[in-house]
There are 2 protein chains.
Amino acid sequence: MATSRSNGIPVPAVRRLSLYLRQLESLAANSRKTVSSRQLGEALGLTDAQVRKDLAYFGQFGHPGVGYRVNELVTRVRSILGTDKTWNVLLVGAGNLGRALFCYRGFTKKGFQIVAIFDRNPAVIGTHPDPSRRIPVQPMGELDETVRRRNIRLAILAVPADHAQSVAREVLDAGVRGILNFAPVALRLDESVPVAAVDLSVHLEQLSFQLAGAPPQPKRNAVHAAARRRR
Amino acid sequence: MATSRSNGIPVPAVRRLSLYLRQLESLAANSRKTVSSRQLGEALGLTDAQVRKDLAYFGQFGHPGVGYRVNELVTRVRSILGTDKTWNVLLVGAGNLGRALFCYRGFTKKGFQIVAIFDRNPAVIGTHPDPSRRIPVQPMGELDETVRRRNIRLAILAVPADHAQSVAREVLDAGVRGILNFAPVALRLDESVPVAAVDLSVHLEQLSFQLAGAPPQPKRNAVHAAARRRR
DNA sequence: TTTTGTGAATTGCTTCACAGCA
DNA sequence: TGCTGTGAAGCAATTCACAAAA
């Protein structure tokens, strides 16, 4: 995973930038004109100082005594995230999850357009996962040409864990530059390739941990270490 | 979001614990008996010191000169995460994403069982999203009784953004303790409620940012600040 | 007033480096 | 020798607190 941060911007700040944008878009939809760092922070469970510091990493967007102008900031943040233009995206995997992602309506207004879907299973090739669009499932052999012709830079992987690594290689070889991976496996790729990973079970595990609490055996100190080996 | 950490364990360490478990399960499936912190780290893009430090937060699991015994550590980590027992989970939202999550086969072996699915749309109530299971979509009115009867503690929300907040309240009132939220909106709930959020567009935005690079206007310093206001 | 942007202080996390065990 | 567990050091992120702008 490309955890670059070669610029001086903290990784967590970039993650939060997406959340600020989402909140700002919601405010804009409600015709809100300005918002303060305090209000933005409250909506997202952050301090006002955190919000100001984060935004200040990218420029000076605020107006003292006023706050941030919503529409102005939306434009700026989109430009920073690179979603002021539309990205063409391909999807590999036409199983349950792949088809659901393909049909998901939320990507478009965020600047992402899934323009192609691939699968290696002959039984689904040629079918139309979303009847409202004229996009058939294509065989993997057409990857290279489609990536080139449609100028695709991002790929979503919704394939089984045991295929993910090889599919990742294939899409990168075809010219894709970044990957959103839904397969429950760690991809081993060049450091320079941006990878985002979503493992559905991992998120449930984090909830489980918080509810189960830290284990009754928090941490033994060095004094007791002598008694530790059990075999 | 409950970012508690009332214990002394770093939040990032808990997140990585899930990744260690996933990797360890994969090693176990390949009949690997032991693994070193170095090998575990390499597979996940972490340093060996990071792996040892993380695991040491939870106990002393390693064997000097040998490494970690895979099966032993799998058992220990499952117990720490609370997934050594099965959690009953409910799902709200029988749209494309909700049905895909309901049909997803990966949860069970991780200790999560989706035992009920709800929707407020009368047109889908009574239908069977997964024909291989005898679980019909239920109306929201049956939430309370089902949560109680099936001893459900976790809920997955796959509803539209504008319903998510009220649905979250409903499931909490029904007795649910933690929420995995797929709606692209920040839930405002009591600090004590664990919430995990997955926003599909947010992950694509992070890739977009990494490919677009930090903006050509990185950060003006105080000297140039005088020239900054544009309106 | 209100609210930003930002150095300084603080808190948190990761890496180093090595004693000790197998 | 190989490898863990862990204090200490170093680095990164957050919070504080206040001058300056509207």
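A polar contact is a pair of N or O atoms within 3.5 Å; within protein, one must be able to donate a hydrogen and the other to accept it, and residues adjacent in sequence count only if both atoms are side-chain atoms. The model is predicted: local features need pLDDT of at least 70, side-chain atom pairs count only at pLDDT 80 or more, and totals for chains, interfaces and linings use all residues. Residues are numbered from 1 along each chain as its sequence is written, chains are lettered from A and ligands numbered from 1 in the order in which they are written, and side-chain values use heavy atoms, with hydrogens and water left out.

**Exercise 1. Find what surrounds DNA strand C.**

Step 1. A residue is near a strand if one of its heavy atoms lies within 4 Å of it. By that rule, 26 residues surround DNA strand C. The closest are A:S37, A:Q60, A:G62, A:Y68 and B:R16.

Step 2. Look at the DNA side. Of the atoms of DNA strand C within 4 Å of the protein, 68% belong to sugar and phosphate.

Step 3. A side-chain N or O atom of B:R52 is 3.4 Å from a base nitrogen of DNA strand C.

Step 4. Name the elements. Helices (H or I, at least four residues) and strands (E, at least two) are DSSP runs, numbered from the N terminus. The largest share of the surface near DNA strand C comes from α3(B), with four residues.

**Exercise 2. Now treat DNA strand D.**

Step 1. Among the 26 residues around DNA strand D, A:R16, B:S37, B:Q60, B:G62 and B:Y68 come nearest. Sugar and phosphate make up 66% of the atoms of DNA strand D within 4 Å of the protein.

Step 2. Check the phosphates. The side chain of A:R16 has an N or O atom 2.7 Å from a phosphate oxygen of DNA strand D. For the side chain of B:S37, the distance to a phosphate oxygen is 2.6 Å.

Step 3. Check the bases. A polar side-chain atom of B:R52 lies 2.8 Å from a base nitrogen of DNA strand D.

Step 4. Find the top contributor. α3(A) gives the most to the surface near DNA strand D, four residues.

**Exercise 3. Describe how chain A meets chain B.**

Step 1. Count contacts, meaning heavy atoms within 4.5 Å. Here 84 residues of chain A touch 82 of chain B.

Step 2. Take the buried area (the accessible area, 1.4 Å probe, that two parts lose on being put together, summed over both). It is about 7100 Å² between chain A and chain B, and carbon and sulfur atoms give 60% of it.

Step 3. Look for salt bridges (a side-chain nitrogen of Lys or Arg within 4 Å of a carboxyl oxygen of Asp or Glu). Four cross this interface. In one salt bridge, B:R22 meets A:D199 at 2.7 Å, N to O.

Step 4. Ask which element leads. α8(A) gives the most to the side of chain A that touches chain B, 13 residues.

**Exercise 4. Explain what the pair A:D130 and A:R105 links.**

Step 1. A:D130 and A:R105 form a salt bridge, with the closest N and O atoms 3.4 Å apart.

Step 2. A:D130 lies in the loop between β4 (112-118) and β5 (137-138) of chain A, and A:R105 in the loop between α5 and β4, so the pair ties together parts 25 residues apart in sequence.
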